[in-house]
Each structure stands twice: as C-alpha cells, then as structure tokens.
Amino acid sequence: MVQIILVLILAYLLGSIPSGLIIGKVFYKTDIREHGSGNLGGTNTFRTLGVKAGMVVTLADILKGTLAASLPLLFNVEINPLLAGVFSVVGHTYPIFARFRGGKAVATSGGVLLLCAPLLFLTVLIIFFISLYITKYVSLSSMIAGITAFLFALISGFIQKWDIPLLIVVFLLASFVIYRHRANVKRIMNKTEPKIKWL
C-alpha cells in the first residue's frame, strides 16, 4: 500500500512540472500566465511564445503523462498504469509547483494513452490535427479528440473485448477536457475564440 501511495504521489508531482512556465521564464524571460489566456498549457505557449516553444511544451506535457503512467511498471507496483496517469493529469491541471493553475489536461491525457493504448493515441492525434486543420480552433479540436477517444474505446469493446478500466478512464479524461474548455465553448459560440495561424 505504501508503494502504491508513493507511486501516485510521484505521478502527481511529475504532472505538476509546469513545462510552459519553465520554458517561458528560462528561454523567453516571460511568465505565460500573464499573457493570453493565462493558461500554462501548450495552446497558450503557442499563442504567447510561438510555434517552437509551443511544440516543446506540448511534447513535454505529453511525456509527463507517459512517464507517470509507466511508474507502476518501472517500480513493479501492482496498480493499473491508467491510475497513475490520471494522477499526472490532475497534477498537470492543478500543479503544486505553480499555485494549482495549470493546463487543460489535453496533452498529458494524450501521454497516458500513448503508453496504455498506443493505437487509440494515434487515432486521436490524427483526428485532432484533421479537426485543427479544418476549424483552426485548438479548443474545439481538443474536445473532438476527447469524444473520439471515448467512442473509439467504446466501439473497440464491441469489436474485440471490453477494457473497462480504459473505458472508464477515457470517459473521465474526455469529460474533464470538455469541462476545462467550457469557457472556450462560449467564445466559439460568440465567435470570439482565437484561431491558429500556423496550420
């Protein structure tokens, strides 16, 4: 039990590493929380610091989720890697190292899927970029990706066999992503949501 608790705490701490804040302050002398949406995720980094910084932060946020989900395997602790992944997503969204103001859970959730369900991750990634190319809205594409992930997991259960833990976690993550983007939904409806210009 102690090992499980330690792994989950470590997963949360990994998720709490504020990639956007670190990249912004170290390389650009900028606190991205004071610009754009004030969010620490990849989207605000793209908007505030540019494509290069945005890509680095997004990749780092993805890898946080992947590494956190792999902790039970690395330390031979008998818990589902998805659970450790969920703790990293919570850490990313409410990071202890950044006054609990983090990202919107998209990239780190993707990182969890990269380890636990690679085919699902690849499918969601393709859908995300197709949607982004068509709509130019990162927020809308993120929500569509979350919904796609749940539908993919659901349909896979009918075709092959049910992976109940994966289905539950994907549902929770997708719901959380949509919840975190509720303000973006209003801006999209009001046509005030910023569109990307680099794709």
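Reader: What percentage of the 199 residues in the protein chain is buried?

Author: This is a predicted model. A residue counts as buried under 20% relative accessible area. In the protein chain of 199 residues, the buried share is 48%.

Reader: How many helices and how many strands does the protein chain have?

Author: From the N terminus on, the elements run α-α-α-α-α-α-α-α-α-α. The secondary structure therefore comes to 10 helices and 0 strands.

Reader: Is S19 buried or exposed?

Author: S19 belongs to helix 2, which covers residues 19–28. Leaving aside neighbours within four places in sequence, S19 is in contact with V57, A60, D61 and K64. Its relative accessibility is 8%, and because the limit for this class is 20%, S19 counts as buried.

Reader: Which kind of aromatic pair do F158 and W162 form?

Author: The count of aromatic pairs comes to 4. One of them joins F158 and W162, with 4.8 Å centre to centre and 70° between the planes. Planes over 60 degrees apart fall in one class, so the pair F158 and W162 is edge-to-face.

Reader: At what distance from the ring centre of Y179 does R182 lie?

Author: K136 lies over the face of Y133, at 4.8 Å from the ring centre. R182 lies over the face of Y179, and its distance from the ring centre is 4.0 Å.

Definitions and conventions
Residues numbered from 1 in each chain as written. Predicted model: local features only at pLDDT ≥ 70, side-chain atom pairs only at ≥ 80, totals over all residues. Heavy atoms only, no water. Phe/Tyr/Trp six-rings, centres within 6.5 Å; stacked < 30°, edge-to-face > 60°. Lys NZ or Arg CZ within 6 Å of the ring centre and 35° of its normal. Helix = DSSP H or I, 4+ residues; strand = E, 2+ residues; numbered from the N terminus. Buried < 20%, exposed > 50% of the residue type's maximum accessible area, 1.4 Å probe, protein only. Contact = heavy atoms within 4.5 Å.
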